[in-house]
Amino acid sequence: MTMSKILIRGAKVLGGEPADVLIDGETIVETGTGIEAGDATVIEAAGQILLPGLVDLHTHLREPGREDSETVLTGTKAAAVGGFTAVHAMANTFPVADTAGVVEQVWRLGKESGYCDVQPVGAVTVGLEGKQLAELGAMHDSAAGVKVFSDDGKCVDDAVIMRRALEYVKAFDGVVAQHAQEPRLTEGAQMNEGIVSAELGLGGWPAVAEESIIARDVLLAAHVGSRVHICHLSTAGSVEIVRWAKSKGWNVTAEVTPHHLLLTDELVRTYNPVYKVNPPLRTEADVMALREALADGTIDCVATDHAPHPHEDKDCEWAAAAMGMVGLETALSVVQQTMVDTGLLDWAGVADRMSMRPAAIGRLEGHGRPVSAGEPANLTLVDPAYRGAVDPAGFASRSRNTPYEGRELPGRVTHTFLRGRATVVDGKLA
Ligand SMILES: [Zn+2]
């Protein structure tokens, strides 16, 4: 469906009153009630929610190097199915995205895909080795226009390197996104350190390994007057540190993944490696603290940490399995279940936490905009009444490592529009 004019009729815009939205070409040209369809293609959307296209700050697309698990094409298809119109592609590829050449390659592949905009993230250090700053300026000045830098998968654990990175990105209003994991405290760690790890005899991953790095980095960001973003918060203590840093007026932002809003370390008792993830699933008390923090804005946004792995890296014993879960195609449903259906967040709040805020943190233009005339038509239409069991066989992603197989989740993305072009129609790729 590549009609130039589309009329979305009767959807609740950001969950508010039903309205019509007319798209012409790449742009929203009119919103209101009783808009004449004329020669536009009409999408009847009564009962559905219209949101700005979702933006992910944290996606692993795996290309170049691990095309057996995902490619930019399959990953952007999965993103579109999940309602995303822009994703940030993490730098831990092979080769690592630590040069202008590699980020431009990923950026070009994104342009060719056409399903979802791809904004490459640049590595902070050469080869993610944490020893020497990568060419941050060259990546920023490249066609890819990198503004978010991260060694995600690894922590920038050297305080001097972290300080230099924060100072460097300040010059162009960039941000360092930290994967907060103190390496010495997590050697051999297999799951959250607590009652369950003690009972199962698995190596524990203490909350302090995350919290000590976050505490250090918010202090560093304040000291040099730069922006720091904390990836995938997973503990109640991390929430407290971010809340404190924000109360000081420091430039600190944070994300939480859908799985950390729903799942706990009790699931590890199954020894099913599909629940093995970095940072690990924590406790019920952590889950509740994360939900509350997302609701009150202490945590700025939801980010998927979509981490595809081929089955041979997950279908093995717990200790040998790779860490990570796919998440793009189920993110909005998990957020509906944990935040909307619980009354913690309304749909306008979802739009803020899954589109406006992540676009603002990434300084991404053309996304996370209001649904109003003159804005780019990056839109997501959701049927919140839908109920269905997750079937990974139907995923657009190349990988199947979802923790939600067979689980009934609410809501379904029916349509996604990228600059006025439908990438998803009736829940299926266009
Ligand atoms: Zn990470």
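The entries below follow the order in which I looked things up.

**Ground rules.** I am working from a predicted model, in which local features need pLDDT of at least 70 and side-chain atom pairs count only at pLDDT 80 or more, while totals for chains, interfaces and linings use all residues. Residues are numbered from 1 along each chain as its sequence is written, and side-chain values use heavy atoms, with hydrogens and water left out.

Helices (H or I, at least four residues) and strands (E, at least two) are DSSP runs here, numbered from the N terminus. I then checked accessibility, calling a residue buried under 20% relative accessible area, exposed over 50% and partly exposed in between (1.4 Å probe, protein chains only). Asp 152 is buried at 4%, and His 179 is buried at 2%.

**Asp 117.** I found Asp 117 in strand E8 (residues 117-120), with its side chain joined to that of His 367 by a polar contact of 2.8 Å. A polar contact is a pair of N or O atoms within 3.5 Å; within protein, one must be able to donate a hydrogen and the other to accept it, and residues adjacent in sequence count only if both atoms are side-chain atoms.

**Cores.** The largest nonpolar core has 77 residues, and those with the most contacts inside it are Leu 51, Phe 84, Leu 233, Leu 332, Val 350 and Met 354. Helix H6 (residues 207-224) gives the largest share of this core, 6 residues. I also noted a second, separate core of 19 residues, which includes Leu 262, Leu 263, Val 277 and Tyr 404. A nonpolar core is a set of buried Ala, Val, Leu, Ile, Met, Phe, Trp, Tyr and Cys residues joined through side-chain atoms within 4.5 Å. Apart from residues up to four places away in sequence, Met 354 touches residues including Leu 54, Phe 84 and Leu 332, where contact means heavy atoms within 4.5 Å.

Helix H9 (residues 284-296) has 13 residues and reaches 19 Å from its first C-alpha to its last, close to the 18 Å expected at 1.5 Å a residue; the expected span is 1.5 Å times one less than the number of residues. Among the buried residues of H9 are Asp 286, Leu 290 and Leu 294, and what covers the buried residues of this helix includes helix H7 (236-247) and helix H12 (347-361). Just after H9, Gly 297 takes a positive phi of about 90°. I recorded helix H11 as mostly covered, with 9 of its 10 residues buried.

**Thr 235.** This residue, Thr 235, lies in the loop between strand E13 (228-230) and H7 and is buried, with a relative accessible area of 1%. Leaving aside neighbours within four places in sequence, its contacts include Arg 282, Asp 286 and Leu 290.

**Asp 352.** I placed Asp 352 in helix H12, where it counts as partly exposed at 24% relative accessibility. The side chain of Asp 352 makes a polar contact of 2.8 Å with the side chain of Arg 353.

**Backbone exceptions.** Most residues other than glycine have a negative phi, and most peptide bonds are trans. The peptide bond from Glu 63 to Pro 64 is cis, with omega near 5°, and a cis bond also joins Asn 278 and Pro 279, with omega about -5°. Arg 62 has a positive phi near 70° and is buried at 12% relative accessibility, whereas Asp 173, with phi near 60°, is partly exposed at 35%.
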